[in-house]
Amino acid sequence: MTKIFITIPWFLPAFRAGGPIQSIANLVREFNADVRYFIFCSDTDMNGAALDNVKTGEWVQYNTQTQVWYADHEKISDSLVKQVETIKPDVLYIIGIYSWHFNIVPLLYCKAPKKILSTRGMLHPGALSQKKWKKKIYLGIFKLMEYHHKVYFHATGEEEKKYICNFFGKAAKVFVAGAIPNKIQPIPIAEKERGNLNLVSIGLISPMENILLVLQALQKATANIEYDIYGPVQDYDYHELCKQQIKSLPGNVRVKYHKEPASQELQKILCKAHIFIVQYKNQLFGHTIYEALSAGRPVITSNQISWKRLEESKAGFNVPTNDTTGLINAINFFAAMSKEELGTWCEGAQHYSEDAVDILQTKKAYAAMFDL
């Protein structure tokens, strides 16, 4: 039985950190043969709010193969080092790059036969442009200390592998294993008339999700648009810009902001929508995009994401980042459709999701990475 010790800043029931949390939850649910997982995380969410109904400072059973340690804010690093020494894992799987307690301490002070650093898109040029000087200094020290020669890297796709090798050199040891997604069963098409369209976005309210660009495009909308936005506010200044943009929208566009949904509410939210829209500045996977596609909802998204060539499959559109004209053209295209015409694209979205991820091959990639 292989013991895999996972260090991650936040884990369920935390949800504000988005994709990494979902990726690990899916991994321990779907990839569990001959494996025991130990997840070490914070007892708060990304906004610092304490998690409800969790026991701190002890191992808590999550599923039959997985235990979780919710660390309180005192002596996190000491607890982490001690638990790694006690568990003696075969693999130390580090999620992220920049967290002192959950990324840097395990690199420096924890011992395991194999250490794997999962960069989770943090070396994408778009991500590096945020707080770039702090990141440049830290990554420069990382290279100077030659830690990139002492660990394996995990990339969720060939594109991310390219970013890792561009930064750390071709000698970097990189495993490629895609994120394991949630699949939602196809849902009925919402009632629709020509000239009407229901849009939905689910994600963090931050510049990287690029909600403001969608709102700016809707300034030119001529159809009747209902746009529901779900998600926690990560950047309050950006949220204020979005609110100001909403105030200037024409009367035919109605926007509602909702608090972050629980995972079990996703299917209900998608039932009311015709199109899922999110214009990521960069995103290597995008769990909610896959979930929307699998439910049979076409997607309007950027070209900075792994889900490419959507239009060819009648599954949606990839619109170049910052192209408001392309966005409103895609929105108007779907708004002009009847329910029957939209149905063809809903089927295309579902078929695209089935072809896009090979779960068996993905599991084989994780088995190779974890030496199983």
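When neighbours within four places in sequence are left aside, Thr-66 is in contact with Val-28, Tyr-37, Ile-39, Val-60 and Gln-61. The structure examined here is a predicted model. Thr-66 belongs to strand β4, which covers residues 66–71. With a relative accessible area of 0%, Thr-66 is buried, because residues under 20% are placed in that class. The side chain of Thr-66 also makes a polar contact, at 2.7 Å, with the side chain of Asn-63.

Aromatic pairing was examined next. Over the whole structure, the search returned 21 aromatic pairs. One of these is formed by Phe-38 and Trp-59, whose ring centres are 5.5 Å apart and whose planes stand at 75°, an edge-to-face arrangement. Phe-38 is part of strand β2 (residues 35–42) and Trp-59 is part of strand β3 (residues 59–63), so the pair ties together parts of the chain that are 21 residues apart in sequence. Phe-38 and Trp-59 are both buried. These two residues also take part in a cluster linked by ring pairs, in which Phe-5, Phe-40, Trp-69 and Phe-102 are the other members.

A further edge-to-face pair is that of Phe-333 and Trp-345, with 5.3 Å from centre to centre and 75° between the planes. This pair links distant parts of the chain, since Phe-333 is located in helix α11 (residues 324–335) and Trp-345 in helix α12 (residues 339–356), 12 residues apart. The two partners fall into separate accessibility classes: Phe-333 counts as partly exposed because its relative accessibility is 36%, whereas Trp-345, at 7%, counts as buried.

Lys-114 lies over the face of Tyr-152, at a distance of 4.8 Å from the ring centre. The charged end of Lys-173 likewise sits over the ring of Tyr-152, and here the distance to the centre is 4.7 Å.

Helix α6 spans residues 158–168, and its buried residues include Glu-160, Tyr-163, Ile-164, Cys-165 and Phe-168. In an α-helix there are 3.6 residues a turn, so residues three or four places apart point the same way. After α6 comes Gly-169, which has a positive phi, near 95°.

Note on methods. Residues are numbered from 1 along each chain as its sequence is written. This is a predicted model: local features need pLDDT of at least 70, side-chain atom pairs count only at pLDDT 80 or more; totals for chains, interfaces and linings use all residues. Side-chain values use heavy atoms; hydrogens and water are left out. Rings of Phe, Tyr and Trp (its six-membered ring) pair if their centres lie within 6.5 Å; planes under 30 degrees apart count as stacked, over 60 as edge-to-face and the rest as tilted. Helices (H or I, at least four residues) and strands (E, at least two) are DSSP runs, numbered from the N terminus. Buried means under 20% relative accessible area, exposed over 50%, partly exposed in between (1.4 Å probe, protein chains only). A charge sits over a ring if NZ of Lys or CZ of Arg is within 6 Å of the ring centre and within 35 degrees of the ring normal. A polar contact is a pair of N or O atoms within 3.5 Å; within protein, one must be able to donate a hydrogen and the other to accept it, and residues adjacent in sequence count only if both atoms are side-chain atoms. Contact means heavy atoms within 4.5 Å.
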